[in-house]
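User: I would like to go through a few side-chain questions on this protein, one at a time.
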Amino acid sequence: VGDYTVDPLALNAAIAPGSNTYGSAVTLGTASFSNVVGSDVVTPSAVAVESASYSTSNNLAAGSYKQGITSTLGGADAGNYSLVGGYTTATNNYTVNPLALTGSIASSTTTYGDALVTGAVSLSNVVGADVVTPTASVTTAGNTSTSGKLRAGSYIGGQYISALAGTDAGNYTYAGVVGDYTVDPLALNAAIAPGSNTYGSA
């Protein structure tokens with residue numbers, strides 16, 4: 001007689017790409033093996049994000065990540081296979097897309113020549129306790145007077161978020177949050193200088 005050994009077959013693994021919008025459920029890609037023999041039953045461990053980063057509200061932060069599985073195998077035929085060291089995707093194939101903020105900027109009015117004063121910004125869909133601080137500005141391009149002041153008039157959507165600060169700002173976009181702005185005409189203070197002439201002259 002003689003001994004005989006059957007070594008486990010090293011599996012070839014892959015994990016499909018996946019994505020979600022920040023704050024929504026994380027839907028990781030499906031792991032699969034390309035060289036399982038016949039109808040053998042072999043299942044991978046749960047797919048996980050590698051080097052995950054989380055926001056203040058404990059959501060997976062916007063960005064791209066690698067996905068991975070461990071060496072643990074399940075299924076009736078798991079003992080016939082190996083996945084030494086587990087498997088991690090070669091590229092960042094899971095993406096968390098930033099969440100587009102919704103909200104408004106309160107209408108604001110100033111008098112021509114005065115400093116521009118923006119309205120209060122209200123954001124309606126910031127996730128949980130995330131820390132974001134918007135800065136509003138007024139669009140002036142193409143609408144300034146000779147002296148460089150915003151011309152009198154009504155500007156629909158003339159206010160916008162020009163910057164977003166705070167610990168969790170990178171998880172959001174903000175292009176759609178706007179507000180109206182009005183510049184009232186400046187009431188002039190008039191005067192007429194004295195004058196005189198001799199009768200019959202100009």
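User: In the loop between which strands does Asn93 lie?

Analyst: This is a predicted model. In it, Asn93 falls in a loop, and the strands on either side of that loop are E9 (87-88) and E10.

User: Is Asn93 buried or exposed?

Analyst: The relative accessibility of Asn93 is 14%. Buried means under 20%, so Asn93 counts as buried.

User: Which side chain does the side chain of Asn93 join in a polar contact?

Analyst: Leaving aside neighbours within four places in sequence, Asn93 is in contact with residues including Ile15, Pro17, Tyr65 and Gln67. A polar contact of 2.8 Å joins the Asn93 side chain to that of Gln67.

User: Why is the pair of Tyr22 and Tyr172 edge-to-face?

Analyst: The count of aromatic pairs comes to one. The ring centres of Tyr22 and Tyr172 are 5.4 Å apart, and centres within 6.5 Å make a pair. Planes over 60 degrees apart count as edge-to-face, so the deciding value for Tyr22 and Tyr172 is their plane angle of 75°.

User: How many residues apart are Tyr22 and Tyr172?

Analyst: Tyr22 sits in the loop between strand E3 (18-21) and strand E4 (31-33), while Tyr172 belongs to strand E17 (residues 172-173).

User: How many residues has the largest nonpolar core?

Analyst: Tyr22 is buried at 2% relative accessible area, and Tyr172 is buried at 5%. Both are among the residues with the most contacts inside the largest nonpolar core, as are Leu60 and Val96. Strands E10 (94-97) and E16 (153-165) each supply at least two of its residues.

Methods. Residues numbered from 1 in each chain as written. Predicted model: local features only at pLDDT ≥ 70, side-chain atom pairs only at ≥ 80, totals over all residues. Heavy atoms only, no water. Phe/Tyr/Trp six-rings, centres within 6.5 Å; stacked < 30°, edge-to-face > 60°. Helix = DSSP H or I, 4+ residues; strand = E, 2+ residues; numbered from the N terminus. Buried < 20%, exposed > 50% of the residue type's maximum accessible area, 1.4 Å probe, protein only. Core = buried A, V, L, I, M, F, W, Y, C linked by side-chain atoms within 4.5 Å. Polar contact = N/O pair within 3.5 Å; in protein donor to acceptor, adjacent residues only side chain to side chain. Contact = heavy atoms within 4.5 Å.
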